[in-house]
Amino acid sequence: MESDIGFKTALEEAQKGCEEGGVPIGAALVSADGKLLGRGHNMRIQKGSATLHAEISALESAGRLPAATYRGATMYTTLSPCDMCTGACVLYKVNRVVIGENKTFVGGEDYLKQKGVEVVVLQNEKCEELMKKFISEKPGDWNEDIGEEDS
């Protein structure tokens with residue numbers, strides 16, 4: 001189990017998103033030397049945004065950084081990253097992605113690996129519980145978040 005600041009921060013962010021009534025996904029970007037660069041949570045519902053997923057929020061929070069900073073960084077996220085967030089990690093050459101869980105959703109993990117990104121999946125129960133509860137209570141919001149039609 002990852003016990004450093006990155007996963008702890010991502011989980012705190014997911015819980016904050018849940019408390020706000022949003023999709024309970026959190027993320028944190030941590031430098032190679034262990035410094036927290038940025039943190040965020042999914043705020044699509046709260047801000048009426050089309051793109052404000054947790055990983056994008058964490059990158060935005062980090063601000064504009066030199067390319068070398070991203071190359072040594074780890075993105076911690078409570079859920080497997082979607083294609084958009086996967087693309088952002090690939091674009092900025094984040095070299096490691098630590099995922100809280102991927103039982104409720106599997107995103108671009110294979111693509112990350114193809115691009116040489118180390119992928120670690122923790123299968124954290126708290127992350128899974130947050131997602132299962134949200135999906136059962138707000139299936140329409142979840143489907144919208146992942147670009148699926150409401151069934």
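Reply: Happy to! One definition to begin with: contact means heavy atoms within 4.5 Å. Please keep in mind that this is a predicted model.

Let's start with A10, which sits in helix α1 (residues 5–19). Not counting residues up to four places away in sequence, A10 touches G26, A27, A28, Y76, T77 and T78. A10 has a relative accessible area of 0%, so it counts as buried.

Leaving out residues up to four places away in sequence, M75 is in contact with A27, A28, L29, E55, A58, L59, C89, V94, R96, V97 and V98.

M75 belongs to the largest nonpolar core, which has 27 residues. Within this core, I25, L29, M75, V97, L112 and W142 touch the most other members. At least two residues each come from β1 (26–30), α3 (54–62), β3 (74–79), α5, β4 and α7 (125–137). There is also a second, separate core of 12 residues, with F7, V30, V98 and V120 among them. As background, nonpolar side chains in soluble globular proteins tend to be buried together.

Now for the aromatic rings, where the count comes to 2 aromatic pairs. One of them is Y70 with Y92, a tilted pair with 4.7 Å from centre to centre and 35° between the planes. This pair links distant parts of the chain, 22 residues apart: Y70 is in helix α4 (residues 67–71), while Y92 lies in the loop between α5 (83–91) and β4 (96–101). Y70 has 6% relative accessibility and therefore counts as buried, whereas Y92, at 36%, counts as partly exposed.

F105 and W142 make another pair: their ring centres are 5.8 Å apart and their planes stand at 90°, over the 60 degrees needed, so the pair is edge-to-face. Here, too, distant parts of the chain are linked, with F105 in the loop between β4 and α6 (109–114) and W142 in helix α8 (residues 139–145), 37 residues apart. F105 is buried because its relative accessibility is 18%, under the 20% cut-off. W142 is buried as well, at 5% relative accessible area. That brings us back to the largest nonpolar core, where W142 is one of the residues that touch the most other members.

Methods: Residues are numbered from 1 along each chain as its sequence is written. This is a predicted model: local features need pLDDT of at least 70, side-chain atom pairs count only at pLDDT 80 or more; totals for chains, interfaces and linings use all residues. Side-chain values use heavy atoms; hydrogens and water are left out. Rings of Phe, Tyr and Trp (its six-membered ring) pair if their centres lie within 6.5 Å; planes under 30 degrees apart count as stacked, over 60 as edge-to-face and the rest as tilted. Helices (H or I, at least four residues) and strands (E, at least two) are DSSP runs, numbered from the N terminus. Buried means under 20% relative accessible area, exposed over 50%, partly exposed in between (1.4 Å probe, protein chains only). A nonpolar core is a set of buried Ala, Val, Leu, Ile, Met, Phe, Trp, Tyr and Cys residues joined through side-chain atoms within 4.5 Å.
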